[in-house]
Amino acid sequence: MLERLIHAAVGVVGLALIGLAIASATVWRADDVLRAAGTADQAIVVTDPGVLEMGGDPVTVTARVPSGARVVLAIGRDTDVAGWVGTDDHQRVTGLAGWHELALAAPGAVPTTSAPTPSVTPAPAPDEGSTATVPDPAGSDMWLTHVQGTGEATLTWQAEPGRWSLLAVGVTAAGAPAAPTLELAWPRAVTTPYLVPGTVAGGVLLLAALALLGRDLRRRQGVEWTPVLTEQIPVVGEPPAQPLTRRQVREMQAAAPAARRGGRRADEPPLTTSELRTLEEAAPATGAVPLAERSTTSVPAATTSDAKTAAAPVASAETSESPEPPTPAAWPASAESPAFGEQPEAGATPAAGSPAPAAPAREPLAAPQPAPTGRRALRTRPAWAPSRDEADEQEAATTSSATAEEEPAAPRGRRSAPSVTQASPRPAPGETATQTPPAEPAPPAWAAAASSDAVPPAAASTAQPSWLRRITGTTPAPPSPPASQPEPEPASAGEPEPGADERPAQTDSSRADAWRRAWGLPPLEMTNDDDGSSR
Amino acid sequence: MNRRRARGALVGLVVLAAATACATPPPTPSPEPPAAVLPPALSVTQTTDVLGDLGRVLAAGDAALDATLLAPRVTGPALAMRTAEYQRATATAGERPPTVLPTDAQVSIVPQTQTWPRVQLVVTEQPDDLQAPRVLVLVQETPRDRYSLWGWARMFPGVSTPRTADPDVGSPVLDPVDADLAMAPSDVLAAYADVLALGDASELAASFAADPFRDSIAATRQALATNVQEIGSVAETYTPTGGPLTVIGTADGEAIVVGTVQTVSTVTITLAQAKLTLSPYEAALTGVTEATTALARTYTDVLVFRVPRAGSGAQVQLIAAEAVLTAVSAQ
């Protein structure tokens, strides 16, 4: 508030400055013609040398006397004028009393200019000085110029080198003195020295004030906005983060080594493993970390960001996405598979305890859904998009093909990712409205379903069948692998193999998971993997 | 608090700006310092104006042969001389017209002075009849007087005009008792009068160069004495009229001295029954036609000298003179 006041004050000062500058060039601007006037008490008025030239070059002298009287204006050397006036009563114009007022010396004051005059002036003075009549300067040979008129006389004088005086004498028709009113007018070269600097300075102040105020306003708006964002964010991030993290952390930590042993090497480049380790090391602190770790495994750069952002899967998905592009194959697998794995594990763990996540998960799956698609059934949620399923299927069929296919999947994830990052929960709802809620709150619900394998399996089976049907229908080729699944499953029961299988599955599924997370959907693959492993 | 402070600052700023806006003081006279060298009394144009006006006045007076018309511009010896000339012209029915006085300046010798009276010399162009140029002496007695013709003189043939300063600058007015001159200006007139009276016998004769005026005076005097030697005697006196009117320095460091000398030529008739018949001019001046015992004729001489510098060895030169019979008394 205080700041804003100061800024406003600066602006006001700037405005005032501009106003003053303009006023100095307009309202307060000196007149083009400087006029100074004064009315004398004596019939004879003399200007001191320099007075005529003090205001400008051509001086226009106007003398006015009461109507009927005659006035004579004459200009001559100061000594001549002084000599002519002699000791007669007269007044001297000594300068300006103000901008528009002539300074008149006391009546009768004798100018000190001419010392020699006394020798001569005494002669004329007694002749006419004592009389009431006023001498007439007109006709003297000493004047450079002189003018006379009745009532008024005007004379213009161009400055010349030398000392010049003006003599004004007013005489009534009867010869009696008539005090003239003298006005001197000079053209002025009016300058407006304050206009430009004042305007510029004022403008600068004003602009500065405006800028500051604008910044204040912007800041204020920003402040209003941020809380809105923050409100949303916590809603989105917290629920998944809190519930997920702890379990996930444990599970993921547990799963991570298994993943390393099994699948990593096969599918993913050597980089991921090393990265994973480093990530895992850093990760344990935050619950979300494990996710991040895995996601980061694909790309080292992401690790830090992920680790830092304890945000739920969403965050991991985001981070994973951006870095992943370089290695599309690695990305979905590493980043998402863990994420999926986590959630389902979270669900599964309670039921199965927390040994190897894969083991408990598989068992239920295997039980409810026999041959057709062991993994896929598990992996693919009933609601899940067919594309997802297809991807999964293909992946399942052949890891190599899966990697190839992943690329298309990845783009989706990327696309969705940006939206996810901004508002992770919302984009999800669009596609899977039913599931999105689960994504956040769902984990528990979903987990419950997953965890309580006994009961949920039915639901899962009910759900799955439709999905399975689709898949089977859609992808004839994959079905065959599903058929083989029973075989893999036993193999999967043996952890090593399933781990190997899971990895590829995870890689594929991880993409999908990331995508789901981006949309706020609960991860499926985890269930798949877990189911596959557990069941 | 903050608002009050801001308001105070604003008010202060406004006051400050207003003060600065109004702070520009009105202009004050800044006259040139008095010139170290005095300016000329009259400018060239002013001199021309004066001469033009003088010419008109003279023309009016000459046309009417009325001296009263000369009052505005003619004064002193010139007025007396012109008045006499008008009388002479009138008496002679125009046979002897007044002296032609051109008013076109050939040379203006303007004094540098701030005091009065002011004397200005003007060397005119030659008249139409190719007479000698005139030296006009213009005088302003007091500040409220106009420049008037105080006197005139004819330039002597073969005499060059002294080099004088430009009229725009003006010529210095010298002290009549200036030691830098061969002869003190105040003594010039008296010395010259002595020379006129005594001729070469004067002690000061050597100080003055020969001049036509002195010769003519002597010749006239001699002729008059010869004419009246049977009936009487002739005596002439030369009296300076006061001191020199003015002393003006020239560019060469010399001085021009202007003054008047009154010459009184008296014829005393010693022979009984003898009488002198006056000329119409003289008769007009006196009002009588005959003189039985004495006839005194008074001439007003306007003399213009050039006084050399001291130590130059040069003589004082009379460069212009005019003698006009201005008064006659007959008994």
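This is a predicted model: local features need pLDDT of at least 70, side-chain atom pairs count only at pLDDT 80 or more; totals for chains, interfaces and linings use all residues.
Side-chain values use heavy atoms, with hydrogens and water left out, residues are numbered from 1 along each chain as its sequence is written, and chains are lettered from A, and ligands numbered from 1, in the order in which they are written.

**View 1. Arg92(A) pairs up with Asp48(A).** This is a salt bridge (a side-chain nitrogen of Lys or Arg within 4 Å of a carboxyl oxygen of Asp or Glu), and its closest N and O atoms sit 2.8 Å apart. Arg92(A) belongs to strand E5 (residues 91-98), whereas Asp48(A) is in the loop between strands E2 (44-47) and E3 (59-64), 44 residues away. Helices (H or I, at least four residues) and strands (E, at least two) are DSSP runs, numbered from the N terminus. Arg92(A) is buried at 16% relative accessibility, and so is Asp48(A) at 13%. Buried means under 20% relative accessible area, exposed over 50%, partly exposed in between (1.4 Å probe, protein chains only).

**View 2. Asp53(B) meets Arg73(B).** The N to O distance in this salt bridge is 2.5 Å. Asp53(B) lies in helix H2 (residues 44-64) and Arg73(B) in the loop between H2 and helix H3 (76-91), so the contact ties together parts 20 residues apart in sequence. Arg73(B) is buried, at 2% relative accessibility.

**View 3. Arg154(B) bridges to Glu322(B).** Strand E5 (residues 148-155) of chain B holds Arg154(B), and strand E13 (residues 317-330) holds Glu322(B), 168 residues apart. Arg154(B) is partly exposed at 27%, but Glu322(B) is buried at 6%.
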